[in-house]
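Q: I want to learn how to read a protein model. Could you show it and take me through its features?

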Amino acid sequence: MKPAHLRRWQHGISLLEVMVAIVIMAMGILGVMGMQLRTLSNSQDSVRRTQALRLIDDLSDRLRLLPNAYAQSEHYLLDWSAQPDATAVTACLTVASQCNPAQFALADANRWLATVQSGLPLGQANVFATDDQRQLGVMLAWRQNKEDSDAAEALAPPSTGAASISCPAERICHLQYISLTQRCIPVDDTTAYCQ
């Protein structure tokens with residue numbers, strides 16, 4: 001039989017072993033949780049980038065539906081501070097027969113901008129004409145995750161040429177260009193030739 005002081009010492013060892021095991025297990029769990037949070041953050045970035053692509057495709061489809069998107073493109077130009085104008089939207093929705101092509105394009109641009117702002121966190125849009133005026137550059141910006149500041153710089157869009165548009169601070173941006181179509185060519189003030 002072991003002396004009493006040795007038995008007490010061994011009981012303390014068992015408690016110490018349990019505490020070390022708990023600490024090691026807690027560190028493992030924290031590591032797994034950190035990986036899960038990082039994966040969730042990356043998933044959110046992917047979802048937002050996909051949403052930005054869908055919004056740009058939506059604008060492209062809207063422009064493609066216009067008979068003369070080339071002539072109406074100026075109504076789609078937006079800067080970072082642009083806010084949707086509800087009166088422009090309701091004017092064309094309530095009295096569509098009295099809405100001329102310019103008013104329709106302006107209302108359509110405002111509807112699209114409202115979709116951008118509701119579809120992306122702190123969503124902003126900057127739509128600009130390229131040097132040859134045959135394309136629109138569309139840059140969408142949204143809030144970046146705090147821990148992804150390095151990724152935002154690495155994924156920054158390329159130069160926008162003479163337009164010199166840059167991504168706002170603490171935002172992630174996506175840049176894409178849309179070609180403008182012209183199915184109808186004006187013959188005079190009242191008629192147009194449409195393909």
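A: Start with a charge and a ring. The charged end of arginine 134 sits over the ring of tyrosine 70, 4.3 Å from its centre. A charge counts as over a ring if NZ of Lys or CZ of Arg is within 6 Å of the ring centre and within 35 degrees of the ring normal.

Q: What kind of model is this, and how are residues numbered?
A: The model is predicted: local features need pLDDT of at least 70, side-chain atom pairs count only at pLDDT 80 or more, and totals for chains, interfaces and linings use all residues. Residues are numbered from 1 along each chain as its sequence is written, and side-chain values use heavy atoms, with hydrogens and water left out.

Q: How many helices and strands are in the chain?
A: Helices (H or I, at least four residues) and strands (E, at least two) are DSSP runs, numbered from the N terminus. The chain has five helices and five strands. Their order from the N terminus is α-α-α-α-β-β-α-β-β-β.

Q: How do I read a sheet?
A: Strands of a sheet pair through backbone hydrogen bonds, either parallel or antiparallel. Two strands count as paired if DSSP finds at least two bridges between them. Here, three strands form an open sheet in the order 1-2-3, with antiparallel pairing. Strand 1 (124-129) and strand 3 (171-179) are at the edges with a single partner strand each, so one side of each has no neighbour in the sheet.

Q: How many bridges join strand 2 to strand 3?
A: Nine bridges join strand 2 (residues 135-143) to strand 3, and the two run antiparallel. Leucine 136 stands opposite isoleucine 178 in strand 3.

Q: Which strands does helix 4 touch?
A: Helix 4 (residues 101-119) packs on the sheet and touches strand 1 and strand 2. Contact means heavy atoms within 4.5 Å.

Q: How do I read an aromatic pair?
A: A pair of aromatic rings is described by the distance of the centres and the angle of the planes. Rings of Phe, Tyr and Trp (its six-membered ring) pair if their centres lie within 6.5 Å; planes under 30 degrees apart are stacked, over 60 edge-to-face, and the rest tilted. This structure holds one aromatic pair. The ring centres of phenylalanine 128 and tyrosine 177 are 6.2 Å apart and the planes stand at 90 degrees, so the pair is edge-to-face. Phenylalanine 128 lies in strand 1 and tyrosine 177 in strand 3, 49 residues apart.

Q: Is phenylalanine 128 buried or exposed?
A: Buried means under 20% relative accessible area, exposed over 50%, and partly exposed in between (1.4 Å probe, protein chains only). Phenylalanine 128 is buried, at 7% relative accessibility. Tyrosine 177 is partly exposed, at 32%.

Terms used: Axes are lines fitted to C-alpha atoms, for helices over the stretch in contact, and angles run from 0 to 180 degrees between N-to-C directions.
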